[in-house]
Amino acid sequence: VGGAGQRCTRFDILPVNYTFEVQAMSAEKLPFILPAVFTVGPRSDDEACLLRYAKLISPHDELSQHVNELVKGVIEGETRVLAASMTMEEIFRGTKSFKQAVFENVQLELNQFGLVIYNANVKQLVDVPGHEYFSYLGQKTQQEAVNQAKVDVAEARMKGEFGAKERDGMTRQNAAKVDAETKVYTVKRQGDGAKEEAKVKVEVKVFENEREAEVTEANADLAMKKAGWQRQAMVAEVEAAKAVAIREAELQVQVVRTNAARQTEKLKAELLSKAVVDYEMKVQQANWELYNRQKAAEVLLYEQEKAAEARRAAFFARQREAEAELYAKQMEAEVAMGDAQSAYLSAMLGALGGSYAALRDYLMVSSGVYQEMARINAVAIKGLEPKISVWSNGADAGEAGDGGAMKELAGVYRMLPPLLTTVHEQTGMLPPAWMGTLTGEPSSTSQ
């Protein structure tokens, strides 16, 4: 309980359950999910741990996101580190040892927060979607069990056939062996009976001697105790007389001490009154001096702030002047560059005899425009497989003669076969039946 002027804060130290799923990866880089439930709370039997918990954790709610992430981060970190050092087979077959190792490593980290693990429940490992290691391992184990069962059935059948023959022979051998052992046992029991009778007689004699020695020792012990009791009674009488005298002396000393304490308290009260008055006067003086120093410091700070503002204004003005000068220099450079380019183009135009077309071609070649157009055209036709058909419709196919419009009409009809063939090869479409059929294609019947 706190005294006057003190503050008291109460916090809950009941354990809290933290449930989560830890995603980890084994030494073979196989991911898996480890569901776990940890019951964590402050260590109430250790004052140092409880003090650390009160400083670090108690300002937050035990179920808050901060504490949950803290505990979860510690457990996930230790689980991932431990899983990375073990193969998936070791984790699967040694689940108990893996759980114990996680428990010990996490407890070491939680000690610095004053927390203790009251219970840790690590559930069965779960596959990560896309990495069904445990599913495949279960199928393998199931298939191995089926195969082993088939082998066991075959071995049992074989042992049954051999066992019947072997049991018949063993029965005959055991019958002969029992008869021989019965005869040996009868002779041995007769000798053991004689030995036991002699041994009992010796033990009875030894017991009688031990009882006589114990009686003698008890009598001597009783005499010694009687002498001791008489001595203690005499000493008690002397001590009682001395205790009365000592008590009287102690009471006298207490009376003297009480008088001295009363005088001391009186002197303390007088000195304390003077000290309180002196202290209040010195405090008032110190407060007055502190007030004067604070005002002087405020005046000095105000002057320094004004000086700093003046320096900032001067710096800003110099910066604006420098920016204006830089902009003017940039404009001069741009004008000079334009004049230089104009003079260069005029000189090139004169060298090419005033031909604007030659100047344009030269500029496009020097800037790589033609090369870029060639590259774009090459990319555009890349992968195409054009088919070229050459048709000839007689000796006078390409010759111009008399006939006028009939020659032009004949040229159109000569162009149709290669055009229809190209359309069929590119799109798979056939011409209508009234226009004819292509070579090698079945003719269609008009409806």
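Me: In what order do the elements of the protein chain run from the N terminus on?

Reply: The order is β-β-α-α-α-α-β-β-α-α-α-α. Altogether the chain has eight helices and four strands. Keep in mind that this is a predicted model.

Me: What makes Thr-39 count as buried?

Reply: Set its value against the cut-off: buried means under 20% relative accessible area. Thr-39 has 14%, so Thr-39 is buried. Thr-39 lies in strand β2. Among the residues it contacts, apart from its neighbours within four places in sequence, are Val-16, Ile-117 and Tyr-118.

Me: How do you know that the side chains of Thr-39 and Asn-17 make a polar contact?

Reply: A polar contact needs a pair of N or O atoms within 3.5 Å, one able to donate a hydrogen and the other to accept it. For these two side chains the value is 2.6 Å, and the pair is a polar contact.

Me: Why is β2 called largely enclosed?

Reply: Twelve of its twelve residues are buried, so the rest of the structure largely encloses β2.

Me: What makes β2 and β1 a pair, and in which sense do they run?

Reply: Two strands pair if there are at least two bridges between them. β1 (residues 16-25) and β2 (residues 31-42) have ten bridges, in the antiparallel sense. One example is Tyr-18, whose bridge partner in β2 is Phe-38. The two strands form a hairpin with five residues between them, and Lys-29 in the turn has a positive phi of about 65 degrees.

Me: With which other strand does β2 pair, and over how many bridges?

Reply: β2 also pairs with β3 (residues 115-122), over seven bridges and again in the antiparallel sense. There, Pro-42 stands opposite Leu-115.

Me: Which residues make up the covered face of β1, and which the uncovered one?

Reply: Val-16, Tyr-18, Phe-20, Val-22 and Ala-24 form the covered face, while Asn-17, Thr-19, Glu-21, Gln-23 and Met-25 form the uncovered one. In a regular strand, side chains alternate between the two faces of the sheet.

Me: Is Glu-76 buried or exposed, and how do you know?

Reply: The cut-off for buried is under 20%. Glu-76 has a relative accessible area of 14%, so Glu-76 is buried. This residue is found in helix α2 (residues 65-84). Leaving aside neighbours within four places in sequence, Glu-76 is in contact with Glu-21 and Val-22.

Me: What makes Ser-355 a cap for α6?

Reply: A side-chain oxygen of Ser-355 lies 3.2 Å from the backbone nitrogen of Ala-358. The limit for a polar contact is 3.5 Å, and with its 3.2 Å Ser-355 caps the N-terminal end of α6. After α6 comes Gly-368, with a positive phi near 80 degrees.

Me: How do α6 and α7 cross, and which residues meet there?

Reply: The axes of α6 (residues 356-366) and α7 (residues 369-380) come within 5 Å and cross at roughly 65 degrees. Asp-361, Met-364 and Val-365 in α6 meet Val-369, Tyr-370 and Gln-371 in α7. These residues divide into four nonpolar, one polar and one charged.

Me: How much of the protein chain is buried?

Reply: Buried residues make up 14% of its 447 residues. The accessible surface comes to about 35,900 Å², and 59% of that belongs to carbon and sulfur atoms.

Terms used: Residues are numbered from 1 along each chain as its sequence is written. This is a predicted model: local features need pLDDT of at least 70, side-chain atom pairs count only at pLDDT 80 or more; totals for chains, interfaces and linings use all residues. Side-chain values use heavy atoms; hydrogens and water are left out. Axes are lines fitted to C-alpha atoms, for helices over the stretch in contact, and angles run from 0 to 180 degrees between N-to-C directions. Contact means heavy atoms within 4.5 Å. Ala, Val, Leu, Ile, Met, Phe, Trp, Tyr, Cys and Pro count as nonpolar, Asp, Glu, Lys and Arg as charged, and the others, Gly among them, as polar. Buried means under 20% relative accessible area, exposed over 50%, partly exposed in between (1.4 Å probe, protein chains only). Accessible areas come from the Shrake-Rupley method with a 1.4 Å probe; for residues, only the protein chains shown count as cover.
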